[in-house]
Amino acid sequence: MFYREAGDFKVSYADDSQTFPIKFDRYRYYVVLAVAFGIIPFLINDYWANAILLPFLIYSIAAIGLNILVGYCGQVSLGTGGFMAVGAYACYKLMTAFPEVSMFIHVLLAGGITALVCVLFGLPSLRIKGFYLAVATLAAQFFLVWLFNRVPWFYNYSASGQINAPERDTFGILITGPNAPAWATYLFCLIFLAFCALVARNLTRGTLGRTWMAIRDMDIAAEIIGVNPLKAKMTAFAVSGFFIGISGALFFAVYLGAVEVGEAFGINKSFLVLFMVILGGLGSIFGSFAGAAFLVLLPVVLKVVGVDILGWPTDIVAHFQLVIVGALIIVFLIAEPHGMAQLWRVAKEKLRLWPFPH
Amino acid sequence: MPEQLVFAMEVTLNGLMAGVLYALVALGFVLIYKASGIFNYAQGVMALFAAMTLVGIMQGQVPFSHVINAVFGGHVTHFGWNVPGVLAIALTVAVMVLLAWLVQVLVMKHLVGQEPIILFMATIGLAYFLEGVADLMWGSEIKTLDVGLPQGINLWIDETTFNMFGYGFFIDNLDIVATVIAALLVAGLVAFSQYTKQGRAMRAVADDHQAALSVGISLNFIWVLVWSVAGFVALVAGIVWGTKSGVQFSLSLIALKALPVLMLGGFTSIPGAIVGGLIIGVGEKLFEFAIGPMVGGATENWFAYVLALIFLVFRPQGLFGEKIIERV
């Protein structure tokens, strides 16, 4: 009844090729946007912003970026943490060098710089595939973290080796620093997320997305039908790097405010984002959101249940969290290897016929 | 003889010893990859788990004691006995075999036929799970492991080199023992896979699953066997590394050290793991010695990866890997 193309007649080409061709989908999308932009900013407080909403928004951007690379183009990357670090440090250098420029520009530029670095480390993907490539991207992870730790120019020769986000604004509203209001930081991240999701959704529907998927499904066959693997793989690395760079910049400047590179952008971050993509669903934008939401909420829920309600010591709850995350990943892979996005697709199929399935 | 050269020789020797240790971890990966096509990220955590179990059994710790104490209240920590090393090792092997069986029955059996990346993710999940379980069972504090392996400077080498060059090399006894153990282990594995029935069945499965099935080899049994052998290798690696630097979380990170070794040597080759380990060990120590001071040190973190990356661009299947043939 809901997801039905029947009766939804398109009368122009613009109608036919719009982002959400099914009416119900489109309205749902408008409602989500209206709630996210129009209602949540008035209800938000510091706890909700910092514990749940900001990490969710920022990880969603990272997950979309990684999903383009892994889910759409089939190039497995374990270097996400390192690329996020590039975004963070690029943003930091720009913020401190040009204090009067708007944060929007800084974050976008940080994304662009990360895209360049990502393409550079993506070059070997033309020769190596599969696991070899996955392990090769670890080279990026370790090298970049080491670089930001050891070269003082990147952290402006500060004594602690950390980077701290100075107070910066955009259109006169404070975005970074401890005094930034929760609604402003939330909206700032939300704008980037909405932008990234829209771009990703439309790229993956178009020519570029199709060449990526051709490369993913079988690269030799794709080459034979005329897909240029150099162009396809490099664009995937570039777009993915752009998104991951934006998320790294936001993660540092807006969410954490102060960053020690080994801790914030270590190998665990790479795995975390990869988990989001796999649990959410490879090759699905919605899946990126679902995976990010799930893995952001899980530790919060476990902490509330374990520490606050049951009163167990924090270290035991932390260990339980490892066990539960590990077990959940295995269970998910066994029960639904295509992730939560697949559950959603199944639900949609059911909704098409509901309430008269015959 | 110039001083720098002598230092470089010492660094090279130490690098060779470190390389043997890397190879020890890499072996476990190769075994599982060859037999089942699974890239087992959990190998490092298995080494940690094995070492912690060994320490726990030797000291007579009660498993899960601090969880029980925290949740139900109580002060049970130890059974109050100490188990001798040999018996404890035997018990730990039994635990690792049990673990292998559980992994096969609960996880891998349900994932047969999935894409390699899904299997890889499952082993990452397994790594998280095992790490959590190990911490819950035995506690996460740093433990010392002593099963009687010799440690400290080898005086004989020190004296001999002092007489030859006027400078005594520092070589740890433990590294020498580790080299001997690794050599024995490789010889044992080769003998096992060449001359025993199960070993041959294992190689058959590695070659072709379906053909192996059709001549009556039980895949289930072989996979349990392979995971057990990998668990045993993990135990050996855990003992050596644990004796060297204490049993703690960082032990599981040796898996990350073994990855470039695998890339260099090829995922499917046991000699490749050894040679790759030696190249990486010597390479990173020499690089740190020669270039490290100029760029701020701690190059060991990434040198192996970058070396392997550059190498792979020229030879995508690694030194000894099987040639990659693609058909459309």
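Two residues are taken to be in contact if their C-beta atoms, placed from the backbone, lie within 7 Å. The model is predicted, and every contact described below should be read with that in mind.

**Helix pairs in chain A**

By that cut-off, A:Phe83, A:Val86, A:Gly87, A:Ala90, A:Cys91, A:Leu94 and A:Met95 of α4(A) meet a set of residues in α5(A) that includes A:His106, A:Val107, A:Ala110, A:Thr114 and A:Cys118. Helix α4 of chain A covers residues 80-97 and helix α5 of chain A covers residues 103-122, and their axes come within 8 Å and cross at roughly 135°. The two helices, α4(A) and α5(A), are therefore oblique to each other, and their crossing is right-handed.

A second pair in chain A joins α13(A), residues 285-309, to α15(A), residues 340-353, with axes that come within 8 Å and cross at roughly 120°. That angle makes α13(A) oblique to α15(A), and α13(A) passes α15(A) in a right-handed crossing. On the side of α13(A) the contact is formed by A:Phe286, A:Gly287, A:Ala290 and A:Gly291, which meet A:Met340, A:Ala341 and A:Trp344 in α15(A). Sorted by kind, the residues of the contact of α13(A) with α15(A) are five nonpolar, two polar and no charged.

**A helix pair in chain B**

In chain B, the axes of α2(B), residues 43-58, and α10(B), residues 219-245, come within 7 Å and cross at roughly 65°. Helices α2(B) and α10(B) are therefore roughly perpendicular to each other, and the crossing of α2(B) and α10(B) is right-handed. From α2(B) the contact takes B:Gln43, B:Met46, B:Ala47, B:Leu48, B:Ala50, B:Ala51 and B:Leu54, while the residues they meet in α10(B) include B:Ala230, B:Gly231, B:Leu235, B:Ile239 and B:Trp241. The residues of the contact of α2(B) with α10(B) divide into twelve nonpolar, four polar and no charged.

| Helix pair | Axes come within | Crossing angle |
|---|---|---|
| α4(A) and α5(A) | 8 Å | roughly 135° |
| α13(A) and α15(A) | 8 Å | roughly 120° |
| α2(B) and α10(B) | 7 Å | roughly 65° |

Helix α10(B) can also be considered on its own. At 1.5 Å a residue, the 27 residues of α10(B) should span 39 Å, and the end C-alpha atoms of α10(B) are 38 Å apart, which agrees. Helix α10(B) is mostly covered, with 22 of its 27 residues buried, and it is followed by B:Gly246, whose phi is positive, near 85°.

**Helix α5 of chain B and the contact between the chains**

Helix α5(B) covers residues 116-138, and its 23 residues, at 1.5 Å a residue, should span 33 Å; the end C-alpha atoms are 32 Å apart, which agrees. Of the 23 residues of α5(B), 19 are buried, so this helix is largely enclosed by the rest of the structure. After α5(B) comes B:Gly139, whose phi is positive, near 85°.

One residue of α5(B) to look at is B:Ala134, which counts as buried because it has 27 C-beta neighbours inside 10 Å. Leaving aside residues up to four places away in sequence, B:Ala134 touches B:Leu48, B:Phe49 and B:Met52. B:Ala134 and B:Leu48 are 86 residues apart in sequence, yet their C-alpha atoms are 8.1 Å apart in space. B:Leu48 is also among the residues of α2(B) that meet α10(B).

The contact between the chains takes 39 residues from chain B and 36 residues from chain A. On the side of chain B that touches chain A, the elements giving two or more residues are α3 (65-72), α5, α11 (254-265) and α14 (300-314) of chain B. Helix α5(B) gives the most to this side, with 15 residues. The residues on the side of chain B that touches chain A divide into 29 nonpolar, seven polar and three charged.

Is B:Pro2 buried or exposed? B:Pro2 lies in the segment before α1 (3-36) of chain B, and it is exposed, with 7 other C-beta atoms within 10 Å. B:Pro2 and B:Phe221 are 219 residues apart in sequence and 58 Å apart in space, C-alpha to C-alpha.

Terms used: Residues numbered from 1 in each chain as written. Chains lettered and ligands numbered in written order. Predicted model: local features only at pLDDT ≥ 70, side-chain atom pairs only at ≥ 80, totals over all residues. Helix = DSSP H or I, 4+ residues; strand = E, 2+ residues; numbered from the N terminus. Expected span 1.5 Å × (residues − 1). Buried ≥ 20, exposed ≤ 12 C-beta atoms within 10 Å, placed from the backbone. Nonpolar A, V, L, I, M, F, W, Y, C, P; charged D, E, K, R; others polar. Axes fitted to C-alpha atoms, helices over the stretch in contact; angles between N-to-C directions. Parallel < 35°, antiparallel > 145°, perpendicular 65-115°, else oblique. Left-handed = near helix turned anticlockwise from the far one by under 90°.
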